[in-house]
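Me: I have a structure to go through and would like to ask about it piece by piece. Could we begin with the core?

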Amino acid sequence: EDGFKNEKVVYDSRGTPARKLTEEEMVKKFKKITKGIFSEKRLDTIIEKVMTIEKMKDISVLTEMLGGR
């Protein structure tokens, strides 16, 4: 190699408060990192519950789903 280095400093990467992810990006990332842990149906239900969490009176349904039960 010729020793050339190409470097770039990134102060605000995607997902930080300064460069928030869109809802679509968050869902895509969540599905990617949980692939093989939950079924597709369960993932969709978890996502729906999280997106409407402020309307939930009891979040134990969600916590049970995330616990793998």
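**The core and its surroundings**

Reply: Six residues make up the largest nonpolar core: Phe38, Leu43, Ile46, Met56, Leu62 and Met65. A nonpolar core is a set of buried Ala, Val, Leu, Ile, Met, Phe, Trp, Tyr and Cys residues joined through side-chain atoms within 4.5 Å. Buried means under 20% relative accessible area, exposed means over 50%, and partly exposed lies in between (1.4 Å probe, protein chains only).

Me: Which elements give two or more residues to this core?

Reply: They are α2 and α3. Helices (H or I, at least four residues) and strands (E, at least two) are DSSP runs, numbered from the N terminus.

Me: What kind of model is this?

Reply: The model is predicted; local features need pLDDT of at least 70, side-chain atom pairs count only at pLDDT 80 or more, and totals for chains, interfaces and linings use all residues. Residues are numbered from 1 along each chain as its sequence is written, and side-chain values use heavy atoms, with hydrogens and water left out.

Me: Where is Phe38?

Reply: Phe38 sits in the loop between α1 and α2. Its relative accessible area is 13%, and Phe38 is therefore buried. The C-alpha atoms of Phe38 and Leu66 are separated by 8.8 Å, although these residues are 28 apart along the chain.

Me: And what is Ile46 in contact with, leaving aside neighbours within four places in sequence?

Reply: Ile46 is then in contact with Phe30, Phe38, Leu62, Met65 and Leu66. Contact means heavy atoms within 4.5 Å.

Me: Which residues of α2 are buried?

Reply: They are Leu43, Ile46 and Ile47. These residues lie on the same side of α2, because they cover an arc of only 100° around the axis. The arc is that of the directions from the helix axis to the C-beta atoms. In general, an α-helix has 3.6 residues a turn, so residues three or four places apart point the same way.

Me: What do those buried residues pack against?

Reply: The buried residues of α2 pack against α1 (23-33) and α3 (60-66).

Me: Changing topic: how many salt bridges are there?

Reply: The count comes to three salt bridges. A salt bridge is a side-chain nitrogen of Lys or Arg within 4 Å of a carboxyl oxygen of Asp or Glu. Arg14 forms one with Glu25, and their closest N and O atoms are 2.4 Å apart. Arg14 belongs to the segment before α1 and Glu25 to helix α1, so this pair ties together parts eleven residues apart in sequence.

Me: What about Lys31 and Asp44?

Reply: Lys31 forms a salt bridge with Asp44, with the closest N and O atoms 3.1 Å apart. Lys31 lies in helix α1 and Asp44 in helix α2, so the pair ties together parts that are 13 residues apart in sequence. Salt bridges that share partners join Lys31, Glu40 and Asp44 into one network. Within it, Glu40 pairs with Lys31, the closest N and O atoms being 3.2 Å apart.

Me: Is Lys31 buried or partly exposed?

Reply: Lys31 is partly exposed, with a relative accessible area of 27%.

Me: Finally, what does the whole chain look like?

Reply: The chain has three helices and zero strands. Its radius of gyration is 18 Å, whereas a compact globule of 69 residues would have one near 11 Å. That radius is taken over C-alpha atoms, and the globule rule is 2.2 Å times the number of residues to the power 0.38. Of the 69 residues, 12% count as buried.
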